[in-house]
Amino acid sequence: MEAVPRMPMIWLDLKEAGEFAFNGAVKKSAVTVPRDFEGCSTLRKYFGQLHYLQSRIPMGAEQEAAVPVAWTEIFSGKTVTHEDIKYEQACILYNLGALHSMLGAMDKRVSEECAAGAFTYLRDHFPHSYSVDMSHQILNLNINLMLGQAQECLLEKSMLDNRKSFLVARISAQVVDYYKEACRALENSETASLLGKIQKDWKKLVQMKIYYFAAVAHLHMGKQAEEQQKFGERVIYFQSALDKLNEAIKLAKGQPETVQEALRFTMDVIGGKYNSAKKDNDFIYHETVPALDTLQAVKGAPLVKALPVNPTDPAVTGPDIFAKLVPMAAHEASSLYSEEKAKLLRDVMAKIEAKNEVLDQFMDSMQLDPDTVDNLDMYSHIPPVLMEKCAALSVRPDTVKNLVQSMQALSGVFTDVEASLKEIRDLLEEDEAQERKLQELLGKSLPGPRASPPALAEVSKECSKYLEVHEKASFTNTELHKAMNLHISNLRLLSGPLEQVRAALPAPALSEDDRQVLQNLKRVLAKVQEMREQRAALEQQLRDMIQKDDITTSLVTADRSEMKKLFEEQLKKYDQIKVYLEQNLAAQENVLKALTDANVKYAAVRKALAEVEHKWNTTVQTLVASYEAYEDLMKKSQEGKDFYTDLEGKAAKLLEKARAACRAADAARQQLLEK
């Protein structure tokens, strides 16, 4: 796999700067940086100097020296302006991450750890209300995309270095985990609306990569099984890799040729491995092939990290050009306190994300939608599509009558044709009988068998033709009558009182115990939702508190030796919300246990409701189909009537012709007898 063609990577556009009343030369160098690592260095320096500046001059929101700062929002192209120097910092930080993503997507595959680090710092240290391209959802998406692509770079290097199969499998599995998080963000309706058309392209690529790297992970798990001489496991891992690769191929429609080349190359590798392993096991080793779900899942190994951004690192930002304006100690202390706050947030978020992951997986496995867990409301009324048909029939009261009359008219002319053709056939048979009797009576006095008169032969030929046509049409006529009988009863129902229509629709017959089971399940599901919402609200409250927590003024006057104690005192303000969050997280286990118990009791009710819903849908579809079939039935009925009216006229003429021919034949036989 070390020679596999590289998959393309996603890179982010840079924001464009607008108005900012700052030194022109400095501004120009920061907003028109070259697309290379020199540009990254320039952005970092500018970001650091802005940090030094804003810690000394009151240029923040609603402060005395604030000036308008304008940048273009990526997705809409609109100019967004804030009188806040932190907005300038946020946009520069965004561009630092975007530029790193651009460089990381190039052929050299430079690690994208810095891109994720820039977006993480932006998410954790700046307001999310500046512009939608720097919202919490978009930044989380960017972070997971960049971590996934950085891990992908590491995977390529690991395969080139021929690292151990198990390690390569874990690295690949972690790529899948990062992309799944990114895909979850892309599937968020709010994120999708922000991204617009690009959301579909990114989602297609990420979904394809999830299956592709899952296939790579199982390929290397199969190679490890091969090294351990576990030949049954080898077969199932290679088979799973092949299945996942086929899913990736399905999702790769419309992707560039580089993707198709990588998929074809990987198919050759995995396909060859699977065929060889299966053949060896079938003919040589004969080991039992275990089910994939009986084997231990491949746990990802997150070996790339979002490197933190340090705006006060002189090796990155250069010397502080505003050092004389404010005591540096206060600035350094403020930065240290910001890091303490960031550490607190990271610790809390690690716990929240771990619990959220468990909760998401649990709810996905349950497949319970709180809004449609019972669907009982749907049975209390007639669905709009059926009401529409009932309303249409109410202004056409003769619908059923017209259909019945049309069917009766068709039956009448059908019967007339059948009677005429039967009479013709009877006449011909009677003539044949008379002819045989004449043969018996005269015997050898006749020179030989008598030829049938031309008129009778023509009648017989015409009769056979009409009988054949009638027989073919008869089958169609029978099917039409069956369809009419089926739909007439439905049309009568739709034409009748609405109460009868409602009564005809299936409805669940739940006992009081069943209803109690449903209510209990809905109550627990509501508890789950309440827990989610409270957790999200507490998280946002914590973020807002951290964002607004600025103790720079206190630090300027504080004794340097008392800084640690001051930090500890200041951080105590977060103790109460941390307690609330801990309580929320601790409650999850009990809530999920209650949901498991409620779901077990709900299983039988769920099955019964599903069956009734299926019958209800089938009934509605059948009634709608009957309404929509009316015009077609009327048309076919009229066509049948026209056809048989024409045939009846021809049959009547042929009957008269047959009668005349039979009379002539009788007269001829009589003359022969007299002679």
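This note walks through selected features of a predicted model.

1. **Helices H2 and H3.** Start with helix H2, residues 37-54, and helix H3, residues 85-104. Their axes come within 10 Å and cross at roughly 160°. Angles over 145 degrees count as roughly antiparallel. H2 and H3 are therefore roughly antiparallel to each other. Their crossing is left-handed.

2. **Helices H6 and H8.** Next come helix H6, residues 165-187, and helix H8, residues 197-227. Here the axes come within 8 Å, and the crossing angle is roughly 160°. H6 and H8 are therefore roughly antiparallel to each other. H6 passes H8 in a left-handed crossing.

3. **Gly148 in H5.** Helix H5 covers residues 136-160, and Gly148 is found in it. Is Gly148 buried or exposed? Its relative accessibility is 0%, so Gly148 counts as buried. Look also at Tyr178, which is 30 residues from Gly148 along the chain. The C-alpha atoms of Gly148 and Tyr178 are separated by 4.9 Å.

4. The loop between H5 and H6 holds Asn162. Its phi is positive, about 55°, although Asn162 is not a glycine. Most residues other than glycine have a negative phi. That is a reason to check the backbone here. Asn162 has 59% relative accessibility and so counts as exposed.

5. His286 lies in the loop between H10 and helix H11, residues 314-317. Phi of His286 is near 55°, a positive value in a residue other than glycine. The relative accessible area of His286 is 56%, so this residue is exposed.

6. **The end of H10.** Helix H10 spans residues 257-285, and Tyr285 is found in it. How exposed is Tyr285? With a relative accessible area of 35%, Tyr285 is partly exposed.

7. Lys273 is partly exposed, with a relative accessible area of 28%. Glu226 is at 28% relative accessibility and counts as partly exposed.

8. **Lys278 and Asp282.** Lys278 has a relative accessible area of 34%, so Lys278 is partly exposed. Asp282, at 38%, also counts as partly exposed.

9. **Glu257 and Arg264.** Which residue forms a salt bridge with Glu257? The partner is Arg264, and the closest N and O atoms are 2.4 Å apart. Glu257 is partly exposed, its relative accessible area being 44%. Arg264 counts as partly exposed at 45% relative accessibility.

10. **A salt-bridge network.** Arg123, Asp124, Glu539 and Arg543 are linked in a network of salt bridges. Find these four in the structure above.

11. **Thr645 in H20.** Helix H20 runs over residues 575-674 and includes Thr645. Thr645 and Phe414 are 231 residues apart along the chain. Their C-alpha atoms are separated by 8.2 Å. At 42% relative accessibility, Thr645 counts as partly exposed.

12. **Lys657 in H20.** Lys657 lies in helix H20. How many residues separate Lys657 and Leu456 in sequence? They are 201 residues apart, yet 8.6 Å apart in space, C-alpha to C-alpha. Lys657 has a relative accessible area of 33%, so Lys657 is partly exposed.

Key:
Residues numbered from 1 in each chain as written. Predicted model: local features only at pLDDT ≥ 70, side-chain atom pairs only at ≥ 80, totals over all residues. Heavy atoms only, no water. Helix = DSSP H or I, 4+ residues; strand = E, 2+ residues; numbered from the N terminus. Buried < 20%, exposed > 50% of the residue type's maximum accessible area, 1.4 Å probe, protein only. Axes fitted to C-alpha atoms, helices over the stretch in contact; angles between N-to-C directions. Parallel < 35°, antiparallel > 145°, perpendicular 65-115°, else oblique. Left-handed = near helix turned anticlockwise from the far one by under 90°. Salt bridge = Lys/Arg side-chain N within 4 Å of Asp/Glu carboxyl O.
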